[in-house]
Amino acid sequence: MLGEAARLLARSKFAIAFTGAGISAESGVPTFRGPDGLWGHYRAEELATPEAFERDPHLVWKFYRWRMGLIAGVKPNRAHYALVELERMGLLKAVITQNVDDLHRKAGNRNLIELHGNIFHIRCPSCGYHKDIRESGRLDNFLAQKEVPRCPECGSVLRPDVVWFGEPLPREPLKGAFSLAGRADLVLVIGTSGVVYPAAYIPYTVWENGGSVIEVNTSESGITPIADVFLRGKSGEVMDGLLKKVRGVLNG
Ligand code: OAD
Ligand code: ZN
């Protein structure tokens, strides 16, 4: 299985990666739908909506400050670094992620599309004010506050600059992702349940065009039916093994 995946990758002309929460699980970031994907009595899906924010911005901000703090303290794992190495080798042209945790960037991937935003970015829904809260070392200060953050320009309640359920994806990243998927002859799908659309159409687009689909997951997903090779296991271990095999194929 690993050998077949390595041969497909080594032979590909334009490979892309499509990642989800599972790639960050070994870094300690809880996934959304797994047994650990819970926060207090709430599910992420129940808090990550415009309706929840409308109803109770304090609760939603409490949840996001908790996640920001958690994510600020974790590091990329072997799966993230394997993708950096594949990009450096010229085999991987881009990483398209549904994650907001910034770990692909931290690891060093250069051509990166974040479909669902970035958890460290906040924005004003009224006037368009936008900020990376890590700038000028203010993250700890921001996380320690109890009140709902307000826009310094217009006083409105600020929100995390991430995509919530029921919201459209940002246009430019979406266009970029589908243009890459349209060119790709291989997609490496790592750690996603593949049930959230339109993001999940990305591997399907590659498949429809005749490209290969390699999937890495601890269990089967919405993408598994179209996977040419399904590599079951934790993404850090599997990607480490895959990288070694790819090197072997290229050198052998
Ligand atoms: P999910 O939580 O739905 O799925 C995580 C996937 O990772 C599952 O298929 C697990 O089997 C797999 N998994 C868990 N641990 C793993 C490991 N160590 N190695 C490999 N695979 C592992 O997360 P996403 O598919 O990313 O959207 O969810 C998609 C979107 O739904 C998220 O971006 C978010 C969420 O609600 C928004 O916030 C808009
Ligand atoms: Zn404002």
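In this predicted model, Arg-7 and Glu-4 are joined by a salt bridge (a side-chain nitrogen of Lys or Arg within 4 Å of a carboxyl oxygen of Asp or Glu), with an N to O distance of 3.5 Å. The two residues lie 3 residues apart in helix α1 (residues 2-11), so about one helical turn separates them. Helices are DSSP runs of H or I with at least four residues, numbered from the N terminus. Arg-7 is partly exposed at a relative accessible area of 42%, and Glu-4 is partly exposed at 34%. Here buried means under 20% relative accessible area, exposed over 50%, and partly exposed in between, with a 1.4 Å probe and protein chains only.

A second pair occurs in helix α6 (residues 78-88), where Glu-85 and Arg-88 are 3 residues apart, about one helical turn. Their closest N and O atoms are 2.8 Å apart in a salt bridge. Glu-85 is buried, with a relative accessible area of 17%, whereas Arg-88 is exposed at 61%.

Glu-167 pairs with Arg-159 in a salt bridge whose closest N and O atoms are 2.8 Å apart. Arg-159 is buried, its relative accessible area being 6%. Salt bridges with shared partners also connect Asp-102, Arg-105, Glu-114, Asp-132 and Arg-134 into one network. In total, 14 salt bridges are counted by this rule.

Residues are numbered from 1 along each chain as its sequence is written, and chains are lettered from A and ligands numbered from 1 in the order in which they are written. Local features need pLDDT of at least 70, side-chain atom pairs count only at pLDDT 80 or more, totals for chains, interfaces and linings use all residues, and side-chain values use heavy atoms, with hydrogens and water left out.
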